[in-house]
Protein chains: 2
Amino acid sequence: MRRDVFQAIADPTRRAILTLIALQAMTPNALAEHFDTSRQAVSKHIKILAECQLVDQQQHGREIYYHFNPEKMKEVADWLAPFQKMWEERFDRLDNLLENLKAQQNVR
Amino acid sequence: MRRDVFQAIADPTRRAILTLIALQAMTPNALAEHFDTSRQAVSKHIKILAECQLVDQQQHGREIYYHFNPEKMKEVADWLAPFQKMWEERFDRLDNLLENLKAQQNVR
DNA sequence: TATAAATGCAATTAATCGGTTGCGCAAGTT
DNA sequence: AACTTGCGCAACCGATTAATTGCATTTATA
């Protein structure tokens, strides 16, 4: 099963799970309490997140704590970087435009 | 149809389309030449990208040029930011660890 | 040792996805 | 005027998705 970080974060529930466990490692049961779905549904999401290494697990007795693993998220950031440059440039251009408009305010 | 930027960039073809038109605005036909699929398939992807405002269109006669719109991509960057902070911290910690190890190299 | 709790796995299902094919329409071309 | 080109739209189809339900397994507790 080819799992891909982009596909993993496409689902809003999975994004919420990541946000939760980024703050604190949690068990599937504890996670499920934050959602309107069943524990099994949450576990399936966790499985997908684990498959693309966005989460790690750590067993404590019969409980399994899932941790967020930021490493793989870099892939998204790396893909995003060139685009980010584009909107920053666009922002700069808008900035310059506004500066110019201000300067010419009394001209026309 | 509820479209969401995260879902839009989940598909590899759509990510490739964005990369292409970020460099230069293109028509659906021109885009389709870069892929192994039909023009209609590409058009469907474009439609999805347009629905979440990742692309703008500009008609020239019977041709439609699709432009990349970086604005909406910020949503992804914004969501990513806190996580990015985490892996940077982790990197810093690793960095400190390495520093400490170096310093203690002769101790144990 | 019997029972309860925490979890994973498998089967099922409705919905969505990505793709193809066929069609219609508007804009150029002959 | 007839034809070609570029495009969007609708219908259809197989694959995938997200969710539920039921069951098995391991670990803790009474």
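Buried here means under 20% relative accessible area, exposed means over 50%, and partly exposed lies in between (1.4 Å probe, protein chains only). By that rule C52(A) counts as buried, because its relative accessibility is 6%. C52(B) is buried as well, with a relative accessible area of 5%. A disulfide is a covalent bond between the sulfur atoms of two cysteines. The structure holds 0 disulfides over all chains, taking a disulfide as a pair of cysteine sulfur atoms within 2.5 Å.

This is a predicted model, in which local features need pLDDT of at least 70 and side-chain atom pairs count only at pLDDT 80 or more, while totals for chains, interfaces and linings use all residues. Residues are numbered from 1 along each chain as its sequence is written, chains are lettered from A and ligands numbered from 1 in the order in which they are written, and side-chain values use heavy atoms, with hydrogens and water left out.

Start with the fold of chain A. It comes to 5 helices and 2 strands. Helices (H or I, at least four residues) and strands (E, at least two) are DSSP runs, numbered from the N terminus. Along the sequence the pattern reads α-α-α-α-β-β-α. Chain A has 108 residues, and 33% of them are buried. Contact means heavy atoms within 4.5 Å. Of the contacts in chain A with a separation of 6 or more, 51% join residues 24 or more positions apart.

Now look at helix 2 of chain A, residues 12-23. Its 12 residues reach 17 Å from first C-alpha to last, close to the 16 Å expected at 1.5 Å a residue. That expected span is 1.5 Å times one less than the number of residues. The buried residues of this helix are R14(A), R15(A), I17(A), L18(A), I21(A) and A22(A). They sit on the same side of helix 2, because they cover an arc of only 155° around the axis. The arc is that of the directions from the helix axis to the C-beta atoms. D11(A) caps the N-terminal end of the helix: one of its side-chain oxygens lies 2.8 Å from the backbone nitrogen of T13(A).

Next come the loops. Q53(A) lies between helix 4 (39-51) and strand 1 (55-60) of chain A. It is partly exposed, at 42% relative accessible area. Most residues other than glycine have a negative phi. Phi of Q53(A) is positive, near 60°. Q53(B) also has a positive phi, of about 60°. Q53(B) occupies the loop between helix 4 (39-51) and strand 1 (55-60) of chain B, and counts as partly exposed at 44%.

E71(A) is in the loop between strand 2 (63-68) and helix 5 (74-103) of chain A. It is partly exposed, with a relative accessible area of 38%. E71(A) and L54(A) are 17 residues apart in sequence and 7.5 Å apart in space, C-alpha to C-alpha.

In chain B, N69(B) is found between strand 2 (63-68) and helix 5 (73-103). N69(B) counts as buried, at 11%. Neighbours within four places in sequence aside, N69(B) is in contact with R90(A), Q53(B), L54(B), V55(B) and D56(B).

How are the two chains related? Chain B can be laid on chain A with an RMSD of 0.1 Å by a turn of 180° and a shift of 0.0 Å along the axis. The two copies are thus related as by a two-fold rotation axis. Superposition is by least squares on the C-alpha atoms of residues with pLDDT of at least 70 in both copies. In chain B, the C-alpha nearest the axis belongs to A10(B), 3.0 Å from it. The same surface serves both copies, as 100% of the contact residues of chain B recur in chain A.

Technical notes
A polar contact is a pair of N or O atoms within 3.5 Å; within protein, one must be able to donate a hydrogen and the other to accept it, and residues adjacent in sequence count only if both atoms are side-chain atoms.
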